[in-house]
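Here is a short report on the model shown below. Read it with the sequence and the coordinates side by side.

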Amino acid sequence: MRKNWPVILLGAVLLTGLVLPLATGASPPGFYIEVLLGGLMAGVLYSLVALGFALIFKASGVFNFAQGAMVLFAALAVARLAERMPLWAAMLLALAIMVVLAWLIERLVLRPLVNQEGVALLMATLGVTYFLDGFGQTVWGSDIYSIELGIAKEPVMVLEKLFQGGILVNKEDFVAAVVAAALVLGLALFFQKTATGRALRAVADDHQAAQSVGIPLNRIWVIVWSVAGLVALVAGVIWGSKLGVQFSLSQVALKALPVVILGGFTSVTGAVIGGLIIGVGEKMAEVFLSPILVKTFDLAGGGIENWFAYVLALLFLLVRPEGLFGEKHIDRV
Amino acid sequence: MLYRENGQFKSTYSSDQQMLPILQDRVLMGALLVAAFVAVPLLISDYVFLSLLIPFLILTLAAIGLNLLVGYCGQISIGHAAFMAVGAYAAYNLSQRIPQLNFLVVLVLAGLIAAAAGILFGLPSLRIKGLYLAVATLAAQFFMDWLFARVKWFTNYSPSGSVSPPAIELFGWVIDSPPEKYVFLLGVLVVFTLLAKNLVRAHIGREWMAMRDMDVAAEVIGIRPVYAKLTAFAVSSFYVGVAGALWGFVHLGSWEPLAFNLNLSLNLLFMIIIGGMGSLLGSYFGAAFIVALPILLNQVPAWLGMPISTEMASHLEFMIFGALIVLFLIVEPHGLARLWAIGKEKLRLWPFPH
């Protein structure tokens, strides 16, 4: 228990930061809840990308830097295809493309690099990132595109009686959260209940042992990367409809890295909860902490949400390297 | 035939330990240095200096710095441009606030400040490694980006956030024409390469390599991980900080807050992957490759009579970089430097391979 004190301290500081604006009356409760909800929504999206990371890391030990690029690629594909065909067809076709992509990555990149150290694999996915960024923009174009999901974007006022001024809620955000939750639930079921899911977990546990009981590693990896592609597709569509499909999507998706650090690399639950923590923490910090910093240090502007997630992950690494839900790692010579 | 060390005996310890043990290598190196210092400044056009040679020299220095950390000590960093930024802004502030300081002193101080920042962000490496460290260094990248864009003191309250440093002057020698810049940079690079070469073959370099190959085993045989890792971070950031200061002062002239972004960090990493990890020569090759490729991509299609748009060229550049990284990792994980070594070995046996 004594070893846990830095974690508890960090958690306490975060919690205090979370409650302080409300407790000190620095913000009206309605506005506070709006910010909180905004953070949760952003968090759901981070979780979606982080989920892709966690899946691939679990099953193949690859730290997939390219997840962000896959999100961008999928979003671009859907946006451009949807110009020619109905949205559902575009999404199906994009999914097919992502599966082909997963297969190609497994064939051309991962199979030759099997049994290499993690860092070499990380660099390989960096290469894949660059390739996908360039390829995606060559094939699909590099302007800003939009995805129309056909859901109203205008915010709706709710709970006007409870709070003064009510709370602005975006219907699209709500749908996004539901979709993300459904996806997580579906994946959890897939992992726990199906034969393929069990095979995936076996591979995650121990490659060699899994192979020796007759689980085809190569096929499993294609499946994992395809699932990651599916997750990227969902994240890309939701984000694309929110922010517009453009190159910066690939950078936003990088935020999923601190999320998996926080949640623990190997944990699906961790990815979801880490995403929510980061999303809320970031929005809260931007809205409530930023103005204070700007005033005290005379900064040229806020924007601390650009690094808040990373620094939070860094602090977390110092006190608890395995993350919230990760397995503790012991090194032997 | 020509490249064979037959008959070159070593009879003292110092001749056994010299950097270039073979006579032909020494001659080649001497000729190269003479060519680089004397012939190149007289013959080359300004365009080549500005777009090719000057970025190449500075990025080589940065790549050597990163290579010391990633290639020799095995600690991955994908945020090293942040330390370039620290060096650049430190040099800018020093030269603004203490104008009488010699530029060489400014460079060294900037490097030291970058080293301090490197140690700070290297601290997590004591508890984590590999992939986790990548994220920690990303934190450095985004935090520094923000710091220099937002804190007005660093940019000397310039309204746009961009800074323009004064011209460089060394003991009355004003360095402003491209050939002068080139000679100055070459001098700096030669000194730093020598330093790095000696660092990596001394005990400290061996500690780094032991750390890289297996940290737990290194610890068991009595290498202090704290010391080894933090010195690697410090030395690496020092190099990169100096390179950053030069990048800002000599190459860019004046720069925006986001001149040292994630893209530059990744490019540095690509340089050492393509050039060769754990090889100083590789840093040269990698930097040359990364600097030359975009220029080639812009020129070659025009020569072939099928011009492509600049937008297309930049996408192609991304694709080619990405594909090359993967290719090198699969086919030749030790990069161009390894190819060079193989070539040399072949040459030694040529024309009688048995």
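## Chain A

A residue is buried if 20 or more other C-beta atoms lie within 10 Å of its own, exposed if 12 or fewer, and partly exposed in between, with C-beta atoms placed from the backbone. Of the 333 residues in chain A, 45% are buried.

Chain A has 13 helices and 2 strands. These are DSSP runs, numbered from the N terminus: helices are H or I with at least four residues, strands E with at least two. Two residues are in contact if their C-beta atoms, placed from the backbone, lie within 7 Å. Among contacts in chain A with a separation of 6 or more, 74% join residues 24 or more positions apart.

## Model and confidence

This is a predicted model; local features need pLDDT of at least 70, side-chain atom pairs count only at pLDDT 80 or more, and totals for chains, interfaces and linings use all residues. Residues are numbered from 1 along each chain as its sequence is written, while chains are lettered from A and ligands numbered from 1 in the order in which they are written.

Chain B has a mean pLDDT (the predictor's confidence in each residue, from 0 to 100) of 87, and 99% of its residues reach 70 or more. For the complex, the predictor gives an ipTM of 0.83 and a pTM of 0.87.

## Interface

Contacts link 38 residues of chain B with 43 residues of chain A. On the chain B side, helix 6 (131–150), helix 9 (215–220), helix 11 (262–275) and helix 13 (310–331) each give two or more residues.

## Helix 5 of chain B

Buried residues in helix 5 of chain B include Phe103(B), Leu107(B), Ile113(B) and Phe121(B). Their cover includes helix 4 (81–97), helix 6, strand 1 (168–170) and helix 10 (225–252) of chain B.
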